[in-house]
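Here is a short note for a colleague who has not seen this structure before. Please look over the sequence and the model, then read the points in order.

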Amino acid sequence: LGDAIGNNTNLRSLDIRSTHELVDIAATNGEFFEGLNKNTSINMLRLMNCDLSGGMGREILDGFVANNSNLTSIGLVRCTLALGNGGAGVLASAVSGCTNLTSIMFP
């Protein structure tokens with residue numbers, strides 16, 4: 001899956017919903033994150049049910065978001081962003097280099 005996402009030049013939007021199964025797969029499969037981090041066509045990312053201070057949510061923010069200059073919009077749905085757990089700092093650090101980012105949504 002990571003290679004398919006990484007090599008796709010038509011993919012504009014990606015929704016990732018954290019589940020126990022996906023967390024387990026992603027935690028043991030660095031190829032998913034390597035492929036995701038290579039993608040340059042995604043401009044809208046929506047994360048659902050993610051912990052931004054660690055695990056899959058943080059991995060996506062640190063790798064994909066921080067290195068994607070095409071990203072224009074991020075949606076965070078039911079993601080852990082509490083100041084005490086570091087999620088807000090991780091998000092701020094990740095988006096600081098996103099020069100084309102126009103919106104961060106917390107629906």
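The points below go from the overall layout to the sheet, the core, the helices and the cysteines.

1. **Ground rules.** This is a predicted model, in which local features need pLDDT of at least 70, side-chain atom pairs count only at pLDDT 80 or more, and totals for chains, interfaces and linings use all residues. Residues are numbered from 1 along each chain as its sequence is written, and side-chain values use heavy atoms, with hydrogens and water left out.

2. **Layout.** The protein has 5 helices and 4 strands. Helices (H or I, at least four residues) and strands (E, at least two) are DSSP runs, numbered from the N terminus. Along the sequence the pattern reads α-β-α-α-β-α-β-α-β. Of the 107 residues, 39% are buried. Buried means under 20% relative accessible area, exposed means over 50%, and partly exposed lies in between (1.4 Å probe, protein chains only).

3. **Contacts along the chain.** Contact means heavy atoms within 4.5 Å. Among contacts with a separation of 6 or more, 80% come from residues 24 or more positions apart.

4. **The sheet.** Four strands form an open sheet: 4 strands in the order β1-β2-β3-β4, with parallel pairing. β1 and β4 (103-105) are the edge strands, and each pairs on one side only. The twist averages 10 degrees from one strand to the next. Two strands count as paired if DSSP finds at least two bridges between them. Strands of a sheet pair through backbone hydrogen bonds, either parallel or antiparallel.

5. β1 and β2 pair in the parallel sense over 5 bridges. Ile-16 has Leu-47 in β2 as its bridge partner. For Arg-17, the partner in β2 is Met-48. β2 and β3 also pair in the parallel sense, over 5 bridges. There, Met-44 is bridged to Ser-73 in β3.

6. **The core.** Which residues touch the most other members of the largest nonpolar core? They are Ile-16, Leu-36, Leu-45, Leu-47, Ile-60, Phe-64 and Val-65, out of 26 residues. At least two core residues come from each of β1 (13-17), α3 (30-38), β2 (44-48), α4 (55-65), β3 (73-77) and α5 (87-95). α4 gives the most, with 5 residues. A nonpolar core here is a set of buried Ala, Val, Leu, Ile, Met, Phe, Trp, Tyr and Cys residues joined through side-chain atoms within 4.5 Å.

7. **α4 and Ile-60.** Leaving aside neighbours within four places in sequence, Ile-60 is in contact with Ile-16, Phe-33, Leu-36, Leu-45, Leu-47 and Val-65. α4 packs on the sheet and touches β1, β2 and β3. Its direction makes about 165 degrees with that of β2. Axes are lines fitted to C-alpha atoms, for helices over the stretch in contact, and angles run from 0 to 180 degrees between N-to-C directions.

8. **α3.** Its buried residues are Phe-32, Phe-33, Gly-35 and Leu-36. They cover an arc of only 165 degrees around the axis, so they sit on the same side of α3. The arc is taken from the directions from the helix axis to the C-beta atoms. On the face turned away from the buried side are the exposed residues Glu-31 and Glu-34.

9. **α5.** Gly-87, Val-90, Leu-91, Ala-94 and Val-95 are the buried residues of α5. Their arc is only 120 degrees around the axis, which puts them on the same side of α5. These buried residues pack against α4, β3 and β4.

10. **Ile-5.** This residue lies in helix α1 (residues 2-7). Ile-5 is buried, with a relative accessible area of 8%. Not counting residues up to four places away in sequence, Ile-5 touches Leu-11, Phe-32, Gly-35, Leu-36, Asn-39 and Ile-42. Ile-5 and Ile-42 are 37 residues apart along the chain, and their C-alpha atoms are separated by 9.3 Å.

11. **Cysteines.** How many disulfides does the structure hold? The count is 0, where a disulfide is a pair of cysteine sulfur atoms within 2.5 Å. For Cys-50, the closest cysteine sulfur is in Cys-79, 4.7 Å away, which is too far for a bond. Cys-50 counts as buried at 2% relative accessibility. Cys-98 is buried too, with a relative accessible area of 7%.
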